[in-house]
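Here is a briefing on selected helices and residues. Keep the sequence and the model open while reading.

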Amino acid sequence: MKKEMQPDNVYFLGVGGIGMSAIARYYNARHCQVAGYDRTRSALCITLEQEGISIHYTPDTNAIPSDFRPENTLVVYTPAVATTNVEYQWFVNHGYEVKKRAAVLGEITKVERGLCVAGTHGKTTVSTMLAHLLKQSHVDCNAFLGGLSKNYSGNLLLSDHSDLVVIEADEFDRSFHHLSPYMAVVTAVDADHLDIYHTHEAYKEAFAHFTSLIRPGGCLVMKHGIELEPRLQDGVKLYTYTGDPKGQKPDFYADNIRIGIGEVRFDLVTPEGRINDIDLGVPVTVNIENSVAAMAIAMLNGVTADELRQGMASFNGVKRRFDIQMKTPRLTIIDDYAHHPAELEASIRSVMELYRGKKVLGVFQPHLYTRTRDFYHEFAAALSLLDEAVLVELYPAREEPIEGISSETIYNEVTCQKTLTTKSQLIDLLKTKQFDVLLTLGAGDLDTMLPQICEALK
């Protein structure tokens, strides 16, 4: 961000969120004074504290640093923090500049060249892949990621010379409408967040509007065949991509796909020719499609064929995205953030194919009452692809209960071998089961149990 746009102090309401913490680190690295509030002292918050950011965990206006005055302080908040929060109210009533996280990212894309990755699913993996491809190449980049990159042990990448910035473009609450992309990716427009959008048509309209924000001279890289009519300005190019073209010919696609136990290799076909023998560092089949999108944008920004090969082979993945927790000759444990039916199906199909002939047991924690209400049929169909499914209690996040909606709503329609249990009983239950691969799924807090699960099963 240009110096004249930089505030002296930045205060974050909800600083421990994955997206918020990246912006906090960005300003901290640029020598602003940074402080904030969060309701939970998570591992991410502890890391921010170690980096010199002051955080408190009970709403208290007296805890706001005294030198954070209206004339020299930007306040950034996330929709996860209620506008009834006493600190939020205090800042609004005392004349501070208060902006949503998305609006701050939007300001950054006005002065940098934003590479913005949007879509119902895949955006965290694609944006993290893209950032790694650029970072390890001669091109370089900055990046605000929606997950923790295992290559860089964080969610923020900074460059002292590149004006490219990779941003995960979040459609929740129409946040991505604040952005001014130089280039954009749209991975999928499957219905989601219907508590915000109400209909699938309104959801797709939000993505169409997002495509209209791409700056002339840039481009859109869009998944081939998705239900989206892009609304591009004059001077914006359109490219399409896919993992497996199935006879059709988008601009970027994978060909000659070879899948072995724990290994995926393919050739990348581009408008400029073929790049042979791409090895996936995280070898699951859904990452074929993700990597094609990431490599398309990287290539359009000057990354060479050799750099693409090296970058994909050295990509270590994203925490909680096909995240291998344990691998022994007897047992493999994988954690995945999948929380939408399409993500769940893609994750399960990828693992079942990669470990063909092995027994795969999946543990799923549904995320949000509204999402469960809207998609319980689809969740059940995806889980039924497993050899065996276990469901634990629903993770509500920001929502209040909805009568008649729970994990049991999904469980009742699952057709494979199944068990309904609680998190407190899960480890004892798993000890009684026979399986070769354990796949934990969901965007809740099931991942906090993984150390105990691995210890109990090793």
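Helix α10 (residues 341-354) and helix α11 (residues 369-383) pack with their axes 9 Å apart, at an angle of about 0 degrees. With angles under 35 degrees counted as roughly parallel, α10 and α11 are therefore roughly parallel to each other. The model is a predicted one.

**The α10 and α11 pair**

- On the α10 side, the contact uses Pro341, Leu344, Glu345 and Ile348.
- On the α11 side, Phe375, Glu378, Phe379, Ala382 and Leu383 meet them.
- By class, this contact of α10 with α11 has seven nonpolar residues, two charged residues and no polar ones.
- An α-helix has 3.6 residues a turn, so residues three or four places apart point the same way.

**Helix α5**

- Helix α5 covers residues 123-135, which makes 13 residues.
- From first C-alpha to last, α5 reaches 18 Å, close to the 18 Å expected at 1.5 Å a residue.
- How many of the 13 residues of α5 are buried? Twelve are, and α5 is mostly covered.
- The buried residues of α5 include Lys123, His132 and a run of threonines and serine: Thr124, Thr125, Ser127 and Thr128.
- Val126, Met129, Leu130, Ala131, Leu133 and Leu134 of α5 are buried too.
- Among the strands, the buried residues of α5 pack against β6 (113-118), β7 (142-149), β8 (154-157) and β9 (164-168).
- Among the helices, they pack against α8 (286-300) and α9 (305-313).

**Where α5 meets α9**

- The axes of α5 and α9 are 9 Å apart, and the two helices pack at an angle of about 125 degrees.
- α5 and α9 are therefore oblique to each other.
- The crossing of α5 past α9 is right-handed.
- α5 supplies Met129, His132 and Leu133 to the contact, and α9 supplies Leu308, Gly311 and Met312.
- By class, the contact of α5 with α9 has four nonpolar and two polar residues, with no charged residues.

- Helix α1 (residues 18-29) has twelve residues, which should span 16 Å at 1.5 Å a residue.
- The end C-alpha atoms of α1 are 17 Å apart, which agrees.
- Nine of the twelve residues of α1 are buried, so α1 is largely enclosed by the rest of the structure.
- The buried residues of α1 are Gly19, Met20, Ser21, Ala22, Ile23, Ala24, Arg25, Tyr26 and Tyr27.
- Is histidine 31 buried or exposed? Histidine 31 is exposed, with a relative accessible area of 75%.
- The phi of histidine 31 is near 65 degrees, a positive value in a residue other than glycine.

- Histidine 198 sits in the loop between α6 and α7 (200-212).
- Histidine 198 is not a glycine, yet has a positive phi of about 75 degrees.
- Histidine 198 counts as exposed, at 59% relative accessibility.
- α7 has 13 residues and reaches 19 Å from first C-alpha to last, close to the 18 Å expected at 1.5 Å a residue.
- The buried residues of α7 are Tyr203, Lys204, Ala206, Phe207, Ala208, Phe210, Thr211 and Ser212.
- These buried residues of α7 pack against the strands β6, β10 and β11 (219-223), and against α6.

**Histidine 193**

- Histidine 193 is in the loop between β10 (183-186) and α6 (194-197).
- At 12% relative accessibility, histidine 193 counts as buried, because the cut-off for buried is under 20%.
- Beyond its neighbours within four places in sequence, histidine 193 contacts Glu171, Phe172, Tyr203, Arg371 and Arg398.
- Histidine 193 and threonine 370 are 177 residues apart in sequence, but 8.1 Å apart in space, C-alpha to C-alpha.

**Tyrosine 241**

- Which strand holds tyrosine 241? Tyrosine 241 is in β12 (residues 237-242).
- Tyrosine 241 counts as buried, at 1% relative accessibility.
- Leaving aside neighbours within four places in sequence, the contacts of tyrosine 241 include Val185, Val186, Thr187, Val221, Met222, Lys223 and His224.
- Pro250, Phe252, Glu289, Val292 and Ala293 are also in contact with tyrosine 241.
- Tyrosine 241 and valine 269 are 28 residues apart in sequence and 9.7 Å apart in space, C-alpha to C-alpha.

Technical notes:
Residues numbered from 1 in each chain as written. Predicted model: local features only at pLDDT ≥ 70, side-chain atom pairs only at ≥ 80, totals over all residues. Heavy atoms only, no water. Helix = DSSP H or I, 4+ residues; strand = E, 2+ residues; numbered from the N terminus. Expected span 1.5 Å × (residues − 1). Buried < 20%, exposed > 50% of the residue type's maximum accessible area, 1.4 Å probe, protein only. Contact = heavy atoms within 4.5 Å. Axes fitted to C-alpha atoms, helices over the stretch in contact; angles between N-to-C directions. Parallel < 35°, antiparallel > 145°, perpendicular 65-115°, else oblique. Left-handed = near helix turned anticlockwise from the far one by under 90°. Nonpolar A, V, L, I, M, F, W, Y, C, P; charged D, E, K, R; others polar.
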